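Reader: I am new to this structure. Please take me through the terms and the values behind them.

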Amino acid sequence: MRRWIAGLAVIFFALAPCWAHLGSPDVYFQGLAGPYHLSVTIRTPAMIPGVASVEIRSSSPGVIGIRVVPLYIVGPGAKYPPPPDPLTQSKEDPQFFSGKIWLMDSGSWEVRVEVNGSQGPGEIAVPVPAAARNTLPMQKSLGLLLFALMALLFLAIVSILGAARREGTLEPGQELEPNQKRRGRWVMIGTAVIVAGILFFGNMWWNSEARAKALDMIYTAPQLKVSLESGGKMVLRMGDSSWHSNRPDTVMTKLIPDHGHLMHLFLIRVPQMDRFYHLHPDLAPGSSNTFTMDSPQVPAGHYQVFADIVRESGFPDTMVSEIDLPDIPGVPLTGDNSDATASPLTNYAAVLEASAPVTEKGVVDVLPDGSRMVWERSPIPISANHFVWLRFRLEDPQGQPANDVEPYMGMAGHAEIVRSDRSVFAHIHPDGSVAMAALELAQKNSAAPGSASGNSSAPMDTQMPPERISSEVSFPYGFPKAGRYRMFVQIKRAGRVETGVFDTLVTQ
């Protein structure tokens, strides 16, 4: 009985979180809303429907007010946005605005930002993938109250039926006989068994319904199976996902290119994190879920696999797998494929000292050709869930700014951030943590003069023509939790992708 009651109490109290989003559930973004440069943070709720918080800082003066409105990127919801809500301007910092918005269903959303200021209006759209990540626990006080009420009802039912059988036929003033007491006890025992059975089977039914509901509501990325076939061909098979197929209008299943590729594949040898590959397999002919590629030269080891894709709605997925690989002679890297070698990630301080010494310029990683990548790191410790600019500079072997930097897949740079236990993986760009394919879809919806169709509200780093690519690149980001992280920062120079490797400790 005690076990049954405890089981029912657990169901009433809470459903434990059943999935943790890989990477950063929050959105970090920077871009131009007309003449105003904005840094945007959108903290998505763990359960949908839910309330997301919006924080926007303007580095351009003259902003008077900011209004935001959430709407779907695709489908009928993209055409009829509700009235925008004004954000609250900080009294201490007039350049900072904050507020909250409702995200009513899982799917590919955008937050349209409307700015009013001394230089006229401006508008930009920020893509936001919204998905339920776990269920919310019940308050302990409410759980204790419900348990007490359940126990009271249980005892009340048993007592009432026992009393009815024991005393229901007695005349006023008549004494109880032993057989009447005995019958009352048997009724109480029988009632307790029946009620306990109802609780037990009700608990089973509730668990079944909860699991079915979780499968439909709680987001999970499709499964990914990775294998190595004869001849060194790597094969990646995506599994089906009912979560995606149940949302054909707001998530969709068809894939679209992101930076010119349907899949961005990352291989990291673990636990050392000393070998890194950024690859781009192709969709197998006649298939919609199988990718193949000839493997590059790979040393033996156990590899963590991350695979980024983007749906037709702009919704991104990061699929995860692992594979043990032998020494593979492989084929030379070509096109946008790249690799990097780093010191093993064993001890944070030792790795930092060995592979990225701190100088007066920042944290330096010496690259194989003698050039250097410098992390212009602030001496202030990095804390979790705070907006931070990650700024890097590429120098030639003489310590001068590199003058032959080229766009890498249309961007000034790419960065991959991995927590030491691989519970966090993020592929970010100078625009932020959003998928670029999703950003293009969102900007097409923007009706403001000078929106993405006119290029004036496109993020700064994507506006520079190839001949003006700077040797410096910045990434807006926020580390989702404390711990040790390794960052792989990629900048293309003279036709070659240079990858700097940096380690950092993030505090709570």
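Author: Strands (E, at least two residues) and helices (H or I, at least four residues) are DSSP runs, numbered from the N terminus. Met409 lies in the loop between strand S25 (405-406) and strand S26 (414-419). This is a predicted model, where local features need pLDDT of at least 70, side-chain atom pairs count only at pLDDT 80 or more, and totals for chains, interfaces and linings use all residues. Residues are numbered from 1 along each chain as its sequence is written, and side-chain values use heavy atoms, with hydrogens and water left out.

Reader: Why is Met409 called buried?

Author: Buried means under 20% relative accessible area, exposed over 50%, and partly exposed in between (1.4 Å probe, protein chains only). Met409 has 10% relative accessibility, so Met409 counts as buried.

Reader: What is the phi of Met409?

Author: Phi of Met409 is near 55°, a positive value in a residue other than glycine. Most residues other than glycine have a negative phi.

Reader: Where does Met273 lie, and what makes Met273 buried?

Author: Met273 sits in the loop between S13 and S14. The relative accessible area of Met273 is 0%, so Met273 is buried. Phi of Met273 is also positive, near 55°.

Reader: Which residue does a cis peptide bond join to Pro271?

Author: That residue is Val270, and omega is about 5°. Pro271 lies in the loop between strand S13 (264-270) and strand S14 (275-279). Another cis peptide bond joins Ile48 and Pro49, with omega about 0°. Most peptide bonds are trans.

Reader: How do you know that Glu229 and Arg237 meet in a salt bridge?

Author: A salt bridge is a side-chain nitrogen of Lys or Arg within 4 Å of a carboxyl oxygen of Asp or Glu. For Glu229 and Arg237, the N to O distance is 3.7 Å.

Reader: Which residues are linked with Glu395 in a network of salt bridges?

Author: Arg372, Glu376 and Arg393 are linked with Glu395. The side chains of Glu395 and Arg393 meet at 3.0 Å, N to O. Glu395 and Arg393 are buried.

Reader: Why do S1 and S6 stand at the edges?

Author: Two strands pair if DSSP finds at least two bridges between them. The open sheet of 5 strands has the order S1-S2-S3-S7-S6, with antiparallel pairing. Strand S1 (27-33) and strand S6 (88-89) each have a single partner strand, so one side of each is left without a neighbour in the sheet.
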